[in-house]
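The following questions and answers concern one protein model. Please consult the sequence and the structure while reading.

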Amino acid sequence: MEEKSPGRKIWAGALFISGAAVIGKVLSSLYRVPYQNMTGDLGYYVYQQVYPLYGAAMVIAMYGFPVIISKMIVDARVDNGMQEAKETAWSAFYILSLLFTVLFVLFYTGAETIALFMGDAELAGSLRTMSYVLLTVPVLSVVRGYFQGINQMEPTAYSHVAEKFIRVAGILVFAWLAVTFGNGAYDAGEGASAGSVLGSAVSVLVLIWLLGKNRKKTGLQPMSHKKAVHRMPEHTKVLLTQGLVVCLGSLLFILYQMIDAFTVVRLLQMNGAVGEEAMIAKGVFDRGQPLLQFGTVIASSFAMVLVPLLQEERIKGKADAARYYASLMMKVSFLMGAAAAGGMIILAEPINIMLFTNDNGTGVLRTLSAALVMSGTVMISAAVLQGNGFFRIPAISLAAGFLVKLICNMLLIPLLETHGAAIGTVAGLGVTAAVNIYWIYRKSMIDVFSTSWLGKASVALAGMSLFLYFLMTAGEELMHGENRLLAAGFTLITCAAGGVLFLFLTAVMQVITKEEQKMLPGIKKLQSLRKRGNQ
């Protein structure tokens, strides 16, 4: 059997993780619909206010610390074997356990203060319950990083899907109980937080079980915990410098949501919103968040596996191979992001009705959709910089983007309400993407996209967009009654048709060349199926 190249292995790993992440995002997106239907926009607002804490913890444990820990495991395994790799993993676990225990205590005891800063003291209970999720991050991060460091992506995927299934079930059950027994939106929020903690705890159990199976299979000798402790000062520096930079990149949307959580409601209230008006407006604005996160799933997965690949090629002196892999991932990420943005801008109204029963906030959703083009570019370009040993540049670019987002919120929300917050998100991501792209081109880390390639990509995107616009115009009458079933059918059929057309156009015009297609797992199977169909 032909051995896979490192590039094909990394694409296979990226797509395996992407598959699990897509399942997780589908579940995370779907549960919000019945949750919002049960608890209303006020209930949706409550959960979205505390969601960034959960989201940050889980993203760090999926795309943040595991990336840098896998790098540490690879270095230890290659230099001194598996025993040192195990000692490295335990050292990282001790460090993260200390860090996240402190964070848990701070969030738990400071819940009331955080809620007051958000402008709603009743959020304290949900924040306190959600803080328990921080205690699961060390195990999730270290065990996933360990498995990725020995080239096993399956445990990360399995634990991620298990966490999402249990979390979604827990959230819906607890919310239903709160509504059934006549409790309010804030009680439902506490129940949803408890469901999230339950999901992360189950994910920990899955990883511990898989780790036990691996230990029996490999039959490694007992390692020295004393040596692991002695390595902590060295590993602390790596985790708290390079590790935090990787985590910040993975927290892109979560950190933007935190800025919104602390500014949107307060600024709306300061500019005349009364009673629950500001909170409901924030709940409507938050409809766009799961769609944006769903649209960047694949880019996040590519970024997670790109860092160790580029580092390995760089160490081997294969700069051309590293540049080739980075360029290909940038192309694929840009195409997916641009196609998703174009589709969401055109189909924002039926998507909104399908998921949330009405078209409130459709204009804001269209503005937020533009962020999909830049978010994938930000994640891949940051991974390229980190894989080539540049950790400061993506940190600086992220900080610049956050500052732009904050300034835009402060200036534009009083003028444009939640539309100003949406513009701030797009502007902040645009600044971060521009800074990263400038540096990766300046350092020749990727090949410059030719005018010919940009022209072909533009034609494919324009063709898909015109087709979707034509279908949207033809089906516009279906949206007037805000019929959810009709909107769902129209959206799903139209998205599928647009996606097929876009893939067809990119294939016909060779936007992704035949040589590049060979790097993608599953392409040979699709080609063989197409040949059979033509016989």
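Q: Which residue just after H15 takes a positive phi?
A: Helices here are DSSP runs of H or I with at least four residues, strands are runs of E with at least two, and both are numbered from the N terminus. Most residues other than glycine have a negative phi. Just after H15, a positive phi of about 75° is taken by Thr-357.

Q: What is the origin of the model, and how many helices does the protein chain hold?
A: The model is predicted, with local features requiring pLDDT of at least 70 and side-chain atom pairs pLDDT 80 or more, whereas totals for chains, interfaces and linings use all residues. Residues are numbered from 1 along each chain as its sequence is written, and side-chain values use heavy atoms, leaving out hydrogens and water. The protein chain has zero strands, and its helices number 23.

Q: How many residues of helix H15 are buried?
A: Buried denotes under 20% relative accessible area, exposed over 50%, and partly exposed the range in between, with a 1.4 Å probe and protein chains only. Helix H15 spans residues 348-356 and is mostly covered. Its buried residues include Glu-349, Asn-352 and Phe-356. Of the nine residues in H15, the number buried is nine.

Q: What percentage of the residues in the protein chain is buried?
A: The accessible surface of the protein chain, from the Shrake-Rupley method with a 1.4 Å probe, comes to about 22,800 Å², with 67% belonging to carbon and sulfur atoms. Among the 535 residues of the protein chain, the buried share is 54%.

Q: At what angle do the axes of H17 and H19 cross?
A: Axes are lines fitted to C-alpha atoms, for helices over the stretch in contact (heavy atoms within 4.5 Å), and angles run from 0 to 180 degrees between N-to-C directions. H17 (residues 371-387) and H19 (residues 418-442) have axes that come within 8 Å. Residues making the contact include Met-374 and Val-378 of H17 and Leu-429 and Ala-433 of H19. The axes cross at roughly 35°.

Q: Is Asp-286 buried or exposed?
A: Asp-286 lies in the loop between helix H11 (277-285) and helix H12 (288-295). Not counting residues up to four places away in sequence, Asp-286 touches Tyr-44 and Gln-48. Because its relative accessibility is 2%, Asp-286 counts as buried.

Q: Why does Glu-417 count as exposed?
A: Glu-417 is placed in the loop between helix H18 (392-416) and H19. Its phi is near 60°, a positive value in a residue other than glycine. Glu-417 counts as exposed because its relative accessibility is 53%.

Q: What is the relative accessibility of Ser-444?
A: Ser-444 is in the loop between H19 and helix H20 (451-474). The phi of Ser-444 is positive, near 55°. Ser-444 counts as partly exposed because its relative accessibility is 44%.
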